[in-house]
Amino acid sequence: MGGGGLMRYARLGFAALAFFLMMPFAFSQDAVMVMNHKELDPHQRPLVQFNHEQHAAKMDCVQCHHDYDEYRNNKGGEGGVCADCHVQNPTDGKLSLLEAFHGQCKGCHEVMQREGKPNTPVTCGECHIRK
(Lines give C-alpha, C1' and ligand atoms only; values in the text may rest on other atoms or scores of the structure.)
Protein backbone atom coordinates (compact mmCIF):
# COMPACT_ATOMS: atom_id res chain seq x y z
CA MET A 1 0.00 0.00 0.00
CA GLY A 2 1.45 3.36 -1.01
CA GLY A 3 1.49 6.61 0.93
CA GLY A 4 -1.70 7.80 -0.81
CA GLY A 5 -3.70 4.79 0.38
CA LEU A 6 -2.54 5.22 3.95
CA MET A 7 -3.47 8.90 3.89
CA ARG A 8 -6.92 8.05 2.54
CA TYR A 9 -7.52 5.58 5.41
CA ALA A 10 -6.27 8.13 7.94
CA ARG A 11 -8.76 10.74 6.62
CA LEU A 12 -11.56 8.19 6.61
CA GLY A 13 -10.70 7.15 10.17
CA PHE A 14 -10.61 10.78 11.29
CA ALA A 15 -14.01 11.46 9.67
CA ALA A 16 -15.52 8.39 11.36
CA LEU A 17 -14.10 9.42 14.72
CA ALA A 18 -15.45 12.96 14.36
CA PHE A 19 -18.87 11.57 13.39
CA PHE A 20 -19.09 9.32 16.45
CA LEU A 21 -17.86 12.03 18.80
CA MET A 22 -20.57 14.41 17.56
CA MET A 23 -23.46 11.90 17.80
CA PRO A 24 -24.39 12.66 21.44
CA PHE A 25 -24.74 16.36 20.60
CA ALA A 26 -27.03 15.63 17.68
CA PHE A 27 -29.58 13.87 19.87
CA SER A 28 -29.19 15.69 23.19
CA GLN A 29 -31.40 18.44 24.52
CA ASP A 30 -30.14 21.90 25.33
CA ALA A 31 -28.04 21.89 28.48
CA VAL A 32 -30.13 24.71 29.99
CA MET A 33 -33.79 25.14 29.14
CA VAL A 34 -35.94 28.13 30.01
CA MET A 35 -39.21 26.88 31.49
CA ASN A 36 -41.48 29.24 29.55
CA HIS A 37 -44.89 27.63 29.25
CA LYS A 38 -47.51 29.91 27.73
CA GLU A 39 -50.22 28.02 29.66
CA LEU A 40 -48.93 29.71 32.82
CA ASP A 41 -48.96 33.27 31.44
CA PRO A 42 -48.79 35.83 32.83
CA HIS A 43 -45.77 34.71 34.83
CA GLN A 44 -45.61 36.31 38.25
CA ARG A 45 -42.00 35.27 38.91
CA PRO A 46 -38.91 35.06 36.71
CA LEU A 47 -38.74 32.00 34.48
CA VAL A 48 -36.82 28.99 35.79
CA GLN A 49 -33.51 28.19 34.09
CA PHE A 50 -33.51 24.37 34.17
CA ASN A 51 -30.25 22.52 33.59
CA HIS A 52 -31.53 19.36 31.90
CA GLU A 53 -28.07 17.94 31.26
CA GLN A 54 -27.10 18.19 34.93
CA HIS A 55 -30.30 16.49 36.09
CA ALA A 56 -30.17 13.76 33.43
CA ALA A 57 -26.67 12.84 34.58
CA LYS A 58 -27.90 12.25 38.16
CA MET A 59 -31.22 10.46 37.75
CA ASP A 60 -33.20 8.08 35.61
CA CYS A 61 -35.30 9.78 32.90
CA VAL A 62 -38.57 8.16 34.07
CA GLN A 63 -38.39 10.06 37.34
CA CYS A 64 -39.51 13.15 35.42
CA HIS A 65 -40.73 11.77 32.09
CA HIS A 66 -43.33 9.46 33.61
CA ASP A 67 -46.51 7.77 32.47
CA TYR A 68 -48.72 5.93 34.92
CA ASP A 69 -50.94 2.95 34.17
CA GLU A 70 -54.37 2.42 35.76
CA TYR A 71 -52.71 0.96 38.87
CA ARG A 72 -50.44 4.03 39.35
CA ASN A 73 -47.33 2.10 38.24
CA ASN A 74 -44.81 4.26 36.41
CA LYS A 75 -44.43 2.75 32.92
CA GLY A 76 -41.92 5.39 31.89
CA GLY A 77 -42.53 8.17 29.43
CA GLU A 78 -41.64 8.90 25.87
CA GLY A 79 -39.51 11.94 26.74
CA GLY A 80 -42.37 14.42 26.53
CA VAL A 81 -42.73 17.58 28.56
CA CYS A 82 -45.08 18.20 31.49
CA ALA A 83 -47.46 20.25 29.34
CA ASP A 84 -48.08 17.21 27.11
CA CYS A 85 -50.30 15.75 29.86
CA HIS A 86 -50.81 18.52 32.41
CA VAL A 87 -52.84 21.65 31.68
CA GLN A 88 -53.43 24.76 33.75
CA ASN A 89 -57.05 23.91 34.63
CA PRO A 90 -57.44 20.13 34.42
CA THR A 91 -60.85 18.48 34.38
CA ASP A 92 -59.60 14.88 34.30
CA GLY A 93 -58.28 14.60 37.87
CA LYS A 94 -54.63 15.14 36.91
CA LEU A 95 -52.45 17.71 38.60
CA SER A 96 -52.42 21.17 37.06
CA LEU A 97 -49.29 22.12 35.15
CA LEU A 98 -48.11 24.33 38.01
CA GLU A 99 -48.77 21.59 40.57
CA ALA A 100 -46.91 19.10 38.37
CA PHE A 101 -43.86 21.36 38.13
CA HIS A 102 -43.76 22.19 41.80
CA GLY A 103 -44.55 18.65 42.93
CA GLN A 104 -41.92 17.11 40.69
CA CYS A 105 -39.09 19.60 41.11
CA LYS A 106 -39.62 20.94 44.61
CA GLY A 107 -40.69 17.54 45.95
CA CYS A 108 -37.50 15.88 44.70
CA HIS A 109 -35.35 18.72 46.02
CA GLU A 110 -37.02 18.50 49.46
CA VAL A 111 -36.16 14.80 49.64
CA MET A 112 -32.57 15.51 48.63
CA GLN A 113 -32.32 18.25 51.25
CA ARG A 114 -33.54 15.86 53.96
CA GLU A 115 -30.81 13.46 52.82
CA GLY A 116 -28.24 16.21 53.41
CA LYS A 117 -27.42 16.87 49.76
CA PRO A 118 -26.26 20.46 49.14
CA ASN A 119 -27.45 22.91 46.50
CA THR A 120 -31.04 21.72 46.31
CA PRO A 121 -33.25 24.78 45.91
CA VAL A 122 -36.71 24.60 47.48
CA THR A 123 -37.83 28.21 47.97
CA CYS A 124 -39.42 30.28 45.22
CA GLY A 125 -36.49 32.64 44.83
CA GLU A 126 -33.95 29.84 44.59
CA CYS A 127 -35.50 28.58 41.33
CA HIS A 128 -37.21 31.75 40.08
CA ILE A 129 -34.08 33.89 40.22
CA ARG A 130 -34.42 37.65 39.81
CA LYS A 131 -31.61 39.22 37.79
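Four residues of helix α3, namely L97, A100, F101 and H109, are buried, a word used here for a relative accessible area under 20%, with exposed meaning over 50% and partly exposed in between (1.4 Å probe, protein chains only). This is a predicted model, in which local features need pLDDT of at least 70 and side-chain atom pairs count only at pLDDT 80 or more, while totals for chains, interfaces and linings use all residues. Residues are numbered from 1 along each chain as its sequence is written, and side-chain values use heavy atoms, with hydrogens and water left out.

The buried residues of α3 pack against β1 (32-35) and α2; contact here means heavy atoms within 4.5 Å. The length of α3 can be checked too: its 18 residues, at 1.5 Å a residue, should span 26 Å, and the 25 Å between its end C-alpha atoms agrees with this. The expected span is 1.5 Å times one less than the number of residues. After α3 comes G116, with a positive phi near 85°.

Turning to the whole chain, there are 4 helices and 2 strands, in the order α-β-β-α-α-α from the N terminus. Helices (H or I, at least four residues) and strands (E, at least two) are DSSP runs, numbered from the N terminus. Of the 131 residues, 15% count as buried.

The strands β1 and β2 run antiparallel and are joined by 4 bridges; two strands pair if DSSP finds at least two bridges between them. Opposite Q49 of β2 stands V34. In a regular strand the side chains alternate between the two faces of the sheet.

What does H65 touch, leaving aside its neighbours within four places in sequence? H65, in the loop between α2 (52-58) and α3 (97-114), is in contact with H52, G76, G77, G79 and G80. The side chain of H65 also reaches the backbone oxygen of G80 at 2.6 Å. S96 lies in the loop between α2 and α3 as well, and S96 counts as buried because its relative accessibility is 8%. With neighbours within four places in sequence left aside, S96 is in contact with H86, V87, Q88 and P90.

Definitions and conventions: Polar contact = N/O pair within 3.5 Å; in protein donor to acceptor, adjacent residues only side chain to side chain.
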